[in-house]
Amino acid sequence: MSDKKLKPAPLANEGLSPDERGLFCDAAPREYEPAKGVIEDFYNWARAESLWILGFGTGCGAIELRPLMTSRFDMYRYGIQARPTPRQSCVFVIGGYASVKTLKRIVRSYEQMMGPKFVVALGSCTINGGMYWDSYNTIKRIDQYIPVDVYITGCMPRPEALLAGFQELKKIIKAGKGEGQNIYARDFAWYKANQKQIIKNWDMPDYNW
Amino acid sequence: MDIKDFIAPFAVWKRAFEKPFTVKKPIDERPGAPRYRGFHINDAERCVGCGTCEAICMNKAIDLVPVEGREAKEGDSGLRPRVDYGRCCWCALCVDICPSGSLNMSNEYLWIDSDPDVFRYTPGVDKKPWDGAELGYRRAEGYRLLDEQRVPMAELGHREAVKSFLELVQGYSRAQAEKEADRCVSCGLCIASCPAHMDIPGYIKAVREGDLDTGLRLLYETNPFPEACGRICTHLCEGACSIGTGGDPVAIRWLKRYIADQVELSAYAKALPRAEPSVGKKVAVVGAGPGGLSAAYYLALLGYEVKVYEKDGEAGGMLRYGIPEYRLPYPALDKDIGYIESLGVTIKRGVAIGKDLSLSDLRRDYHAVYLSTGLPVAYGLEVPGDKHPRVLDGVAVLAAATRGEELGLGKRVAVIGGGNVAMDAARTALRHGAAVDILYRRREEDMPADADEIREAKAEGARLIEKSIPVEVKDAAGALAGKAALFVWNEAEMVQKEEGKRPVPEAIPGALREELYDSIIAAIGQGPDLSYVTEEDGVPMKRFKPLVDARGMASPGASPKGGAIFAGGDLVNDRKDAISAIADGHRAALSIDRHLSGKGA
Amino acid sequence: MNELATRLAARYGARGWHDQRADLATIVLDADRLRDALAYLRDQEGYRHLSFATAIDNIERGVFTLVYTLRSHDKGHSLIVHADIDRQKPVVDSIHLLWAQAWTYQREMKEWYGIDFPGSPRVDEEFVLEGWEGPPMMRRDFDSLAYSDATYAERPGRATSDPARHMKEQLYPEAAE
Amino acid sequence: MKKEKLRVIPPAERANPDLESGKYLLMWQGPQHPGITGNMSLKLIVEGDSVVDCETHVGYLHRGFEKLMERRLWMQNFPLVCRIAVPEPDFNEYCYAAALEELAGIQIPDKAVWLRTLSLEMIRLASFLMWIGGQAGAFGHGTIIQWSVTMRDYVLDLFEELSGGRIYHMYIIPGGVRGDVPAGFFKHVLEIMDTVQKNLDDIELVMFHNVVFKMRAEGLGYIPADWVDHYGITGPNARAAGVARDLRKDLGYLAYPRLDFKTIVGQKSDAYERARLRLLEMYQCIDLIRQIVDQCPKDGPFREKLPNPLYWKIPAGETYVAAECTRGEYGFYVASDGSDKPRRVAVRGPSYTHAVAVMERLARGVNIADVAGLMVSLHTYPPEIER
Amino acid sequence: MDATLLQRVGYAFVSLFVITNYGLLLIGSMARISAKVQGRVGQPVYQPYIDIIKSSAKRNSIGHGVMFYLGPVFRLAGGVGTYMFIPAVFGSALFMNFSDSGDLLLVMYFIFFGQLGMALGASEGGHPYSAIGVSRGLAQMTAFEVPFALSVIAVAVQYGTLDITAIVAAQQGGFMHWTLATNPLAVVAALIAFLGMSMHNPFSVVIAPQEIPIGPPTEYQSNLLGMLQTNRAIFNGAKLVLYMNLFFGGATNIVVMVIKTFLIYFINVFVGQAFPRLRVDQSIRFFLGVPTLIGIASVLIAAF
């Protein structure tokens with residue numbers, strides 16, 4: 001993360017109307033100390049065994065989430081289920097490419113999720129642009145904008161690959177390495193600077209939760 | 001809305017008593033289908049690093065990277081494709097197009113990591129769990145994006161061919177040439193194999209696009225003998241062609257010929273660069289073969305005044321006197337030489353250095369001298385009786401044929417040797433109505449002649465006798481004495497003497513054979529004639545060859561006695577083909593220029 | 001079908017009838033008579049279905065060529081109507097009253113090419129882009145790759161070699177002199 | 001000729017609600033919303049429980065295909081096009097390939113014709129299967145989607161076997177198809193068709209004879225027949241309104257003229273009717289697939305040789321090739337200027353009309369609970385709207 | 001009935017603990033049964049535990065004012081309150097909770113209480129879906145309360161008491177003494193209302209993921225969500241026990257209780273898997289139609 005140079009501190013939620021301001025938190029995100037020892041291990045076990053995916057199909061990757069959710073692959077048996085609201089979800093599946101317009105929603109949804117939160121990125125497009133490497137409207141690296149825990153290759157990755165990806169995520173969480181939330185808080189200014197560079201009509205508060 | 005609408009939905013519960021759809025352990029139980037387009041595998045041995053996969057990839061997912069332990073060599077760039085799975089879309093067009101068929105896909109699809117920078121690897125080089133996967137996407141049979149078959153070249157039938165000295169190969173039509181040029185993938189592997197390093201993809205592109213002037217210009221950048229080379233070049237390039245790894249190589253030689261054939265000599269000047277203004281220096285070239293004339297051409301372009309001395313009556317050297325008309329018709333050669341002459345190169349025909357003029361004279365009169373006298377002296381058979389009048393010299397026979405002299409070979413001819421001269425002599429003899437036996441010490445696959453030539457010679461009716469070691473030439477008995485000779489040879493078997501070296505023929509004791517021939521043509525190699533070089537010229541020799549430096553310079557430099565001496569062509573190099581001589585000539589011209597203009601060290 | 005060509009030529013100055021297939025023809029019109037001609041085709045000639053509308057940037061000629069594809073299900077025939085408009089002043093009559101979905105296509109063309117359709121609903125709103133600051137991106141002079149390279153970070157560490165150049169460096173470096 | 005009066009249907013009046021009044025609630029449905037098909041959003045203005053105004057917002061999936069295609073070689077576009085409509089990629093492949101073949105004057109072998117037809121029918125079935133789960137789910141029936149997506153997965157297995165890809169098959173390549181059928185493939189097809197048909201029978205029983213489903217779907221999203229031309233509605237949405245249009249019959253492309261099928265037409269034109277019609281079309285797909293398996297030639301070439309794809313140039317010209325996908329008229333307009341890259345490729349996805357103009361019109365006055373159901377009943381895929 | 005107050009409090013904690021676990025396992029096993037219908041294997045039975053631990057282990061949470069926090073608290077209070085006044089096992093001191101005369105009224109009140117508290121809290125979340133969910137929830141609750149109240153009235157009238165223990169006592173002595181046998185109409189009305197109360201299909205408009213994801217709890221997260229999840233188990237358990245007591249003869253030991261409540265809950269799942277979801281207006285109209293008539297009829301039967 002040495003390349004993450006801190007830019008000037010971002011704005012607070014100025015410019016919002018008073019009613020709206022009430023809907024957002026106006027504190028910058030902070031890093032959270034993990035609990036001590038066995039307790040954190042126990043928590044991590046629970047976090048790993050109860051992965052709630054945010055139901056947001058950001059790209060073509062969403063198409064393989066359907067078989068995963070339904071009877072053939074049945075991810076429920078692994079404690080994975082889809083949640084319709086970011087507040088209750090802990091896993092964000094980035095389904096492939098993200099257009100700028102979607103990225104804005106991704107950032108918002110991600111920030112609205114409660115930590116610890118994890119990101120699984122599907123397909124080539126999230127790693128280095130994929131087949132839309134020369135498109136004027138899609139980003140190339142999702143890790144510039146939000147921290148990512150697991151990448152799954154493929155275009156599209158098969159549902160099995162997704163399952164394996166979730167197993168890998170479980171391992172990461174159980175090992176206590178799923179600290180995307182803290183990384184995001186630590187490098188918040190860097191992430192915000194990257195986001196604002198791409199999202200031209202930044203009409204949302206900096207603190208989005 | 002009837003009662004059924006209330007009852008029927010409960011039919012969902014039927015499912016509860018059936019087997020679930022769920023796959024128990026999907027990752028283990030459901031491998032990719034046999035055709036699944038999973039991760040790439042590459043047979044690094046078969047791959048030649050041509051980069052066609054990189055060219056077709058719409059995602060710019062493939063890079064060609066140097067690989068440890070793999071050097072560039074003829075027909076193999078030493079590079080291997082590296083796939084970026086941050087780009088790949090698993091379309092498998094790279095597999096479909098791969099000329100060698102080395103690139104394939106496994107049916108493996110699991111690659112998960114939390115580090116986004118790891119998803120790049122060189123298949124077949126970096127070890128991966130799916131290496132050597134049996135299943136996975138392969139090109140379907142009969143399905144390639146590239147055409148593996150070359151556009152057939154119209155040739156005279158063999159029956160027809162032996163009747164005359166008409167040119168065998170008829171050349172491509174425009175449509176054929178463009179179709180053939182379309183097979184090229186512009187990988188450029190061929191360039192390194194060409195002694196002259198011609199811009200082969202460049203001129204093939206010119207053919208494809210119908211821009212023959214550009215094509216001609218590209219040809220002349222490195223080779224002023226396109227007509228000749230387009231016909232008789234040893235086409236090492238085609239051996240390196242990446243398309244050749246999975247089919248017929250692109251007919252590079254025929255395409256070169258197509259360009260030269262299509263442009264009239266009168267239109268050359270328009271397409272080709274003009275000579276630089278005169279630099280006021282003079283260079284002499286000894287020998288008007290392809291090497292000498294190439295040097296002359298490039299020197300003339302650079303503004304030198306060039307005079308070429310040729311002992312024979314016509315220019316062209318071995319191209320004219322060593323290669324029969326049916327392979328290289330004289331008008332084609334004349335076209336090449338004519339253009340060189342049109343640049344102001346003077347060819348002094350019939351002037352032999354060492355006889356009419358001495359090398360010292362040249363050194364005195366010129367700023368530099370280029371020796372390109374080739375290998376005019378044929379080796380003898382070196383067996384008892386090889387001085388028999390009916391034992392002829394292959395090169396001499398071919399030269400005589402060129403001069404249109406009566407050859408008088410008779411009805412039964414033996415050709416001893418396995419090189420191109422032997423084949424040409426044999427086929428010339430065939431055209432004079434003789435029955436021809438070709439005798440060679442080793443096996444057919446060991447013959448140094450072009451495979452095409454061997455094939456054609458056989459097809460035209462020559463009999464090939466392999467593994468035959470010459471023993472003796474005896475005069476024929478009786479009335480035929482002095483008019484025919486008995487050739488005696490010993491049958492041989494191939495013995496692997498040393499591990500890793502090619503096997504050598506060893507005579508089978510007692511297996512002597514003999515046959516009566518009207519002529520025995522010895523074509524077992526030629527040597528140089530350096531009698532014109534005197535010691536005071538200061539040309540160092542090694543193994544009967546002038547010793548030259550990397551730039552072709554033979555003498556240490558200009559001495560008070562005269563200009564520097566450069567040498568090249570068959571005289572110096574080991575390849576002994578026209579294109580190498582041309583390359584030497586080109587290089588010598590540049591070296592001479594650098595030497596005389598004082599540029600470079 | 002050529003009767004139709006004649007009628008269109010007589011009424012609207014249409015030209016260049018070209019039968020691409022038995023069931024597909026193309027024709028060229030002047031932009032200022034486009035709406036009338038489309039209405040005529042729709043109401044009188046049975047081309048009631050607008051398959052799609054789009055534009056081509058013929059930058060070499062300095063025009064945008066509009067493409068309207070109509071289909072007559074009765075005749076089983078499709079007709080592609082072309083009209084050129086000036087690239088500098090791209091304004092065309094809106095056809096949103098003729099077809100109820102046409103405004104979407106017009107909104108798209110406005111955003112993608114900068115062609116204006118006065119009066120078309122929501123034509124000035126963003127369609128698929130958000131916060132776009134560049135020129136209309138479907139214009140030929142907009143370079144998508146250059147924009148992408150300048151805007152979006154790429155994962156570093158890629159390098160490729162050209163086989164021919166690599167071999168030259170490895171095998172005969174002297175020729176590079 | 002019959003002389004008609006020039007007829008202009010005035011655009012439906014849009015309510016112009018005063019959001020400040022506090023009477024209305026502005027709501028976004030999507031893009032992060034389980035009740036939306038794919039990644040798009042509806043901006044709803046709601047009064048109480050009913051929608052006053054609806055605007056479709058698209059572009060979340062915009063990748064600029066049409067621009068990218070102008071940058072790529074003709075053959076390089078072949079892997080690209082299938083990504084335009086994710087659940088139904090084969091129609092992109094077919095339309096693109098057919099347009100190129102038409103422009104370049106290439107005739108494809110008969111076997112390729114049949115295999116293409118098979119591929120298209122199979123993906124129609126798969127797409128319908130996913131849709132029917134979505135339709136049931138939009139009304140809260142979570143069981144159907146569990147079954148139907150599995151059935152779809154079985155069809156995808158067939159694709160994987162045939163082409164090597166589950167989602168993006170990249171099978172229909174310009175010049176033909178990419179491979180012959182593997183051994184035993186047709187047998188698998190027939191087996192899976194039996195499984196799917198059996199499951200469809202269950203779905204029919206559970207979903208279409210369901211009092212709640214009827215209560216929800218009947219009368220929802222009525223499309224009058226005279227909207228069909230005016231809005232450019234195609235496919236099942238048009239057929240449910242009683243307009244018998246099926247490009248498979250009308251254009252007679254590929255092997256369809258040699259197959260025995262009837263255009264299915266509905267009457268009532270509401271969400272239920274559309275769902276029912278699509279169910280019937282699924283049975284039709286199964287029937288057609290069986291016919292294709294029966295009639296497909298067993299051998300012969302499956303691909304026409306093409307020039308080197310690295311330099312392939314297509315003569316200048318333009319064409320529009322359409323096909324009947326599950327949602328209606330799917331078309332590719334391809335213009336070539338004679339170079340090795342397309343001059344312009346425009347994609348006509350049926351959702352373009354259905355999800356924007358039609359949806360915005362139909363959503364007005366609908367209960368907010370029905371928006372998702374209505375949206376799904378129009379069967380739209382956002383990626384083909386914005387490309 | 002001789003236990004001291006302290007003992008009763010202690011017993012109540014045990015009882016609460018048991019019902020919480022039972023409720024969680026019940027939810028877990030019903031999820032598995034639903035999964036079976038859908039052709040799946042389904043989540044582990046203990047999954048709800050993990051979910052609650054996970055929710056409680058979240059590191060951060062956000063709030064929208066005091067009411068927002070109070071919502072789940074009220075809800076939990078409602079759940080616990082409901083359960084605390086129902087005797088879970090007839091005749092068991094351990095499971096009799098704080099049942100006393102007139103507890104039926106308290107229970108009815110607590111069932112409402114939770115919902116209302118939730119409504120207040122969720123509305124504070126500021127999310128339009130929460131607001132819509134709340135309004136739907138309240139509307140539907142009002143509707144299903146009608147048949148439910150009617151059937152409870154019928155039961156009260158029939159047994160002449162508002163003491164649940166007494167009602168259970170009256171039903172002892174075999175199946176023919178159960179309300180199910182003595183006043184089936186009341187049971188039918190109550191069970192239909194139960195479908196609405198437990199928010200299963202076709203009456204799941206309140207949370208309706210496809211329409212208003214996911215209604216009132218949209219904004220709730222972390223430990224607040226954990227609280228809601230715990231409450232769901234308790235509240236479910238409480239309602240099931242109430243139904244068992246009122247209509248199915250109660251339970252004399254814990255095994256009977258488990259079997260009976262399981263079956264009652266299963267009715268929900270049985271119907272829920274078969275039907276989609278009704279719109280809120282449709283469900284209100286539905287509850288105010290046939291079930292209400294049945295309820296009235298049951299009261300009439302009980303009264304006369």
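User: Is L138(E) buried, exposed or partly exposed?
Analyst: L138(E) counts as partly exposed, because it has 17 C-beta neighbours inside 10 Å. The cut-offs: buried is 20 or more other C-beta atoms within 10 Å of the residue's own, exposed is 12 or fewer, partly exposed is in between, with C-beta atoms placed from the backbone. This is a predicted model, where local features need pLDDT of at least 70, side-chain atom pairs count only at pLDDT 80 or more, and totals for chains, interfaces and linings use all residues.

User: Which helix does L138(E) lie in?
Analyst: Helix 5 of chain E, residues 128-159. Helices (H or I, at least four residues) and strands (E, at least two) are DSSP runs, numbered from the N terminus. Residues are numbered from 1 along each chain as its sequence is written, and chains are lettered from A and ligands numbered from 1 in the order in which they are written.

User: And how far apart are L138(E) and Q171(E) in space?
Analyst: 33 Å, C-alpha to C-alpha. In sequence they are 33 residues apart.

User: What pLDDT does chain E average?
Analyst: 82, and 99% of the residues score at least 70. pLDDT is the predictor's confidence in each residue, from 0 to 100. For the model, ipTM is 0.87 and pTM 0.89.

User: Switching to chain C. Is helix 3 of chain C mostly covered or open?
Analyst: Mostly covered: 12 of its 12 residues are buried. W103(C), M109(C) and W112(C) are among them.

User: What do those buried residues pack against?
Analyst: Strand 3 (49-58) and strand 4 (63-72) of chain C, plus helix 12 (350-363) of chain D.

User: What should the span of helix 3 of chain C be?
Analyst: 16 Å, because its 12 residues (102-113) count at 1.5 Å a residue. The rule is 1.5 Å times one less than the number of residues. The end C-alpha atoms are 16 Å apart, which agrees. Just after the helix, G114(C) takes a positive phi of about 80°.

User: How many residues of chain A are in contact with chain C?
Analyst: 17, against 14 residues of chain C. Helix 4 (100-112) and helix 5 (123-128) of chain A each supply at least two residues of that side of chain A.

Key. Two residues are in contact if their C-beta atoms, placed from the backbone, lie within 7 Å.
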